[in-house]
Amino acid sequence: MGMQACNLQNLPENYALRFWLYHLMTWPQISFVAEDAKGQIVGYVLAKIEHPSEDDKEAHVHGHVNSISVLRSYRRLGLANKLMLLAQEAMTSIYHAEYCSLHVRRSNRAAIGLYRDSLGFEVAKVEKGYYGDGEDAFSMRLNLQNKNGFIN
Amino acid sequence: MSRATLAKKNALPLKEAGLFKELLSQYENRLLKKGLKTAEQILKKFPEHGETLCMKGLLLTHMGRREEGIDLVKKGIRFDLTSHICWHVFGLIQKADKNYEEALRSYTQALRFDSENINLLRDSAQLQTQLRLFDNLVETRHHLLRLRPNLRQNWVALAVAYHLNGNLDEAKRVIEQYLYSLKNVPNYDVELSETLLYYVNILEQSGDLSGALSELDTKSKSRAIVDRTAVLTTRARLLTKLASPEAGDSWKALIDHNPDNLESYRGYLADQGVSLDDPTSALEAIPHLKAFAKTYPKASVPVRLQLTILPASDPEFSTLITNYLERALKKGVPSIFADLKALYSDLEKRKIVETIAENIKQQNFAAVEEKPSKVDEQKEPTTYLWTLYFLAQHYSYVPPSTTVVPNHKLALEYVNNALSHTPTLPELYLLKGRILKRGGDFLGAASAMNEARILDGQDRFLNTKAGKYLLRAGMVEEASRLFGMFTKKDAESPGHDLEDMQSLLFLLEEGDAFKRVGKPNLALKRYMAVKKIFDTIEDDQFDFHGYNLRKFTLNVYLTLLTWEDTLRSHPGYVNAAIKASNIFVEVSDDPSIVKALTTTDHLSDAEKKARKKAKKAAVKAQEDKKSTQTSNADKELEAPPPKDDDPEGLKLIASTDGLEQAAKLLQPLTKLAPKNIDVWLAIHDVAIRRKKLLQAVGALHKAASLDAEHPELHIRLVDLKQRGKTFSDLPAPVNSTFTEELEKLIPEAASQSLENYNAQYLQRHSAESRCILAAAKVAKSLSGSVQDVENIVFNVFGPEVSLDIKTALSALSLLVSLSSQRKDEFRAAAQKHFEFSTAFKAPSELEEMHKYVLAESTADGKPASAESTTPEKK
């Protein structure tokens, strides 16, 4: 519920608790939270795993970040970065995800900066009118296999 | 009717029997309209065929004709009491209604006539889990496993059932048998990994620690368990429990995996025999923490823990905190004060932090005042800014249970100074708003928050804050307009969307705001909406009783069940339950409140118009919804949500069973929030009015054990003593127990003169404003003399009394309720006491001031200045 409250306060895209539970019950290992000293949740990453459908030979198992957010008052601590790395690590080690994907508002320069410059994501494609208000989304991807296999 | 005729009616001829089969499959495939036609076709010839009647009823409930449908189902059952289909249908409807107990009863009936029906058994198991009937659950799961031993999930389902029923040995046996039978599992199988982790968990819980450890080690080495975090955590926990010499290294491995997890450090230190909760023992942690700080220079936990542990007198503390604070201020970390304020319970540490921060401010002052060329490279104007921001928070904050006097004036000076340098940083306005709020200027606070919001219209955090502060200032409609910038545009209203999205923050704040502006009906409506959210969340677990077993995510499933069992200890629920119950109590004491609300005479024309408009909008939204819903009715089994026929909460507040509703709200809290004195006070208030004397006095005993001198308890003790005199018609044993128990709380001798008792209480707590107010309220109920009350109330302005805004406001409303002549005198004195406050202004003055809160905005709540600041959310 802390994740949900944090999301409601911060982001325009919200979900009923059932949705949060569904993710945690299906992929309990790949979502993470950041807490303050009192145990209040001040940031979270909610993620899922996509398995390719039977008839799609090209597709790979991959992780997808549904929602990531840190309260404005807890920025500049590198929390989003850490949360994302934890999720990516779990996606690779447990599910052998080939890559991690996410959607971001085209106008959200701060977030795009984090994903691209700090975390190494690349824009895979633009999805027109993805958001409820008609704004485009960048679909971004980070190759997880490469990252762990060659660079490190 | 004889049995023979019944049987005849039940059996359909070949053609109709075929149709009935078709009907069943049409229902399965959600072909509601077609199904209805088929049913009617059968019923034309056999109007008394029970199973068909039930199926038709079921279809109707999914097509928005609920009542009619349920009637048909009941009729159908009467025609065919021994049909499993009839009872199954009835159970389905009850289940959809969240009436789990009744549903289970119907399923049990159905199973009597078809004991091997898998669907019935599976649904029953889910119902039994929801109702926590674990004995029966074990039986059902057993049955399912016997019928379908090839289905893997049936094995783990039985193990989990045993586990829930407290039979770990059987749970273990079943899981072992299951694991043994597994063949050809692919590598890296997450399901197997989760099952094995569950097995380890069972071993651990049943006390077989070394068994658990060796299973964990072998299976993680062979890569059968793939969740590394879980392996590391479980391993460290097991080794510690086993007091193994390897435990320390296992915690280190966990810290290495994630150096930002406080719990890992706690675990490591505990294994080293260091307890962080004991100050002397904690000192021994320092060398360990220093080493960690060196290994993980980026992690804040090792340093931050040292700051808590080291005594203020230790020079090391000053060195560490200087670096810690300086680094954060240079970086511009907004949360640094929120982080450090926990140290302030030690006032010496507070002083040290203050000195250091003031120093940093001095050092960086030059950076802002002098020309960039001359400035020392080390000094940054932004550092100066964040230091001002930090110090402003510092001066206006009162650490809990200390006597620090906040200096809001100085704090405001710092913030304004910072704003004059950088007027574009929203954080500064947020802080200004918070300081003004603490000083009692709720309107100025809302205005500052709104300025922050305008600086970044795309940021929902700022929007939420501004809306919340508007609610605090009693400006409900303005708040709703702001919230509307981020809620779905097709929702009936911003509030409806926030309610759908289960925003407790919104519902509680708006409820409080409605309460303050004299609309207890709407306040109650919001608090009950919070309750409904918790009902929903409790229902949400239902599907997971089947789902998690299919996914083999068993450990997290057990966590879910425990979490659901303690769900209502959530502060949001506790808060809403107490506040709703208070309103029910108020209304029960003074039914004229409801009367005043339901007569529309007092409404201004504008309000009447607004009400009409709202009604129209609600009807329209409902129709819109309907039109979209009917179009996909054939695919979805979800019936449209029933229309809210009480949007104003007027029926709710007029409920004749208000006190019973209140008692139900509070009931779970006796176990889930027993340390909360307000819970017990509320339970008493409800119980005494329901004439449950022993429960009432029992609740006060619980309250007294938490805080015997609590002002609200004082009020109730005197009240109960007075009420006690009027309970003459009680059965003798109840009466004597009640008197005895009450005597323990307030001795007979004292109650000879309750006036004296009250005077003594006042004397004991002459410097505590909340106690003074309580004594005044008691005086009101004892003598009713306005003068007595006034004399006591004005004590709150005594020089040694610590007075807060909330208490001062309650005191004022006490005077107003007595039509005291001195209320304006009180307003003036309070105004003098709380310099910035706008809370004590006369209502007419306040109304005038409301206009200026959103002065920067145009009437429709959108910023007038720039297009770009308006978020384009839909």
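In this predicted model, R75(A) and D459(B) are joined by a salt bridge, their closest N and O atoms lying 3.8 Å apart. In total, eight salt bridges are counted between chain B and chain A. Polar contacts also cross this interface: 12 residue pairs are found, with both residues at pLDDT 80 or more.

On the side of chain B that touches chain A, two or more residues each come from α12 (190-205), α25 (426-438), α27 (460-472), α31 (520-540), α32 (544-551) and α33 (554-565) of chain B. The residues on this side comprise 22 nonpolar, 10 polar and 19 charged.

The table below summarises the interface.

| Feature of the interface between chain B and chain A | Value |
|---|---|
| Residues from chain B | 51 residues |
| Residues from chain A | 36 residues |
| Buried area | about 3900 Å² |
| Share of the buried area on carbon and sulfur atoms | 58% |

Within the area that chain B buries against chain A, R460(B), F461(B) and M501(B) supply 16%, more than any other three residues.

Attention now turns to the nonpolar cores. How many residues does the largest nonpolar core have? The largest nonpolar core has 248 residues, and Y115(A), L325(B) and F390(B) are those with the most contacts inside it. When neighbours within four places in sequence are left aside, F390(B) is in contact with L325(B), L329(B), I336(B), F337(B), L340(B), Y344(B), V353(B) and A357(B). Another core, of 39 residues, lies apart from the largest one; among its members are I42(B), I70(B), C86(B) and Y107(B).

Methods: Residues numbered from 1 in each chain as written. Chains lettered and ligands numbered in written order. Predicted model: local features only at pLDDT ≥ 70, side-chain atom pairs only at ≥ 80, totals over all residues. Heavy atoms only, no water. Core = buried A, V, L, I, M, F, W, Y, C linked by side-chain atoms within 4.5 Å. Buried < 20%, exposed > 50% of the residue type's maximum accessible area, 1.4 Å probe, protein only. Contact = heavy atoms within 4.5 Å. Buried area = accessible area lost by both parts, 1.4 Å probe. Salt bridge = Lys/Arg side-chain N within 4 Å of Asp/Glu carboxyl O. Polar contact = N/O pair within 3.5 Å; in protein donor to acceptor, adjacent residues only side chain to side chain. Helix = DSSP H or I, 4+ residues; strand = E, 2+ residues; numbered from the N terminus. Nonpolar A, V, L, I, M, F, W, Y, C, P; charged D, E, K, R; others polar.
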